[in-house]
Amino acid sequence: MKSFDFESLTLEEVEIIENLTGESIDQAFGTGKPKGKALKSFIWVVMKRDNPKFTIEEASKFTLSQALAMVEGDEAKKE
């Protein structure tokens with residue numbers, strides 16, 4: 001799975017993630033925070049770029065390893 005550059009999120013996408021998680025994007029992905037809602041929101045926003053019909057229910061089906069691979073990308077392989 002390809003990784004994703006967080007800095008390429010539009011402000012609208014950041015706002016959607018923040019609205020879905022109820023936290024700022026920094027807080028939603030902060031160390032020690034529960035990640036399910038944040039990762040699901042992130043996957044949904046990112047996947048909708050290529051497939052506008054992609055649903056949040058489909059995002060819920062991603063495994064934790066798939067979601068983390070998108071967020072961390074090649075950085076996770078270096079550690």
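Met 47 is found in helix 3 of this predicted model, where helices (H or I, at least four residues) and strands (E, at least two) are DSSP runs numbered from the N terminus. With a relative accessibility of 27%, Met 47 counts as partly exposed; buried means under 20% relative accessible area, exposed over 50%, and partly exposed in between, with a 1.4 Å probe and protein chains only. Leaving aside residues up to four places away in sequence, Met 47 touches Phe 54, Phe 62 and Met 70, a contact being heavy atoms within 4.5 Å. The C-alpha atoms of Met 47 and Glu 58 are separated by 9.7 Å, the two residues being 11 residues apart along the chain.

Residues are numbered from 1 along each chain as its sequence is written. Because the model is predicted, local features need pLDDT of at least 70 and side-chain atom pairs count only at pLDDT 80 or more, whereas totals for chains, interfaces and linings use all residues; side-chain values use heavy atoms, with hydrogens and water left out.

The chain contains 6 helices and 0 strands, and its elements run α-α-α-α-α-α from the N terminus on. Of its 79 residues, 28% are buried. The accessible surface comes to about 5,500 Å², and carbon and sulfur atoms account for 53% of this area; accessible areas come from the Shrake-Rupley method with a 1.4 Å probe, and for residues only the protein chains shown count as cover. Among contacts between residues at least 6 apart in sequence, 50% join residues at least 24 apart.

The 15 residues of helix 3 should span 21 Å at 1.5 Å a residue, and the end C-alpha atoms are 22 Å apart, which agrees; the expected span of a helix is 1.5 Å times one less than its number of residues. The buried residues of helix 3 are Ala 38, Leu 39, Ser 41, Phe 42, Ile 43, Val 45 and Val 46. These buried residues pack against helix 1, helix 2 (25-28), helix 4 and helix 5.

In soluble globular proteins, nonpolar side chains tend to be buried together. A nonpolar core is defined as a set of buried Ala, Val, Leu, Ile, Met, Phe, Trp, Tyr and Cys residues joined through side-chain atoms within 4.5 Å. The largest nonpolar core has 15 residues, of which Leu 9, Ile 17, Phe 42, Ile 43 and Met 70 touch the most other members. Helix 1, helix 3 and helix 5 (64-72) are the elements that give two or more residues to this core, and its largest share, 5 residues, comes from helix 3. Not counting residues up to four places away in sequence, Ile 43 touches Phe 54, Ala 59, Phe 62, Ala 67 and Met 70.

A search of the whole structure finds 1 salt bridge, defined as a side-chain nitrogen of Lys or Arg within 4 Å of a carboxyl oxygen of Asp or Glu. The side chains of Glu 13 and Arg 49 meet in this salt bridge, at 2.6 Å from N to O. The pair links distant parts of the chain, with Glu 13 in helix 1 (residues 11-21) and Arg 49 in helix 3 (residues 36-50), 36 residues apart. Glu 13 counts as buried, at 11% relative accessibility, whereas Arg 49, at 36%, counts as partly exposed.

Two further positions were examined. Glu 15 lies in helix 1 and is partly exposed, with a relative accessible area of 47%. The C-alpha atoms of Glu 15 and Ile 25 are separated by 8.3 Å, at 10 residues apart along the chain. Thr 63 is placed in the loop between helix 4 and helix 5 and counts as partly exposed at 39% relative accessibility. Between the C-alpha atoms of Thr 63 and Lys 40, 23 residues apart along the chain, the separation is 9.9 Å.

The chain averages a pLDDT of 85, and 87% of the residues score at least 70; pLDDT is the predictor's confidence in each residue, from 0 to 100. Among the elements, helix 4 (residues 56-60) has the highest mean pLDDT (96) and helix 6 (residues 75-78) the lowest (44). Over residues 74-79 the pLDDT is below 50, and this stretch has 1 contact in the model beyond near neighbours in sequence.
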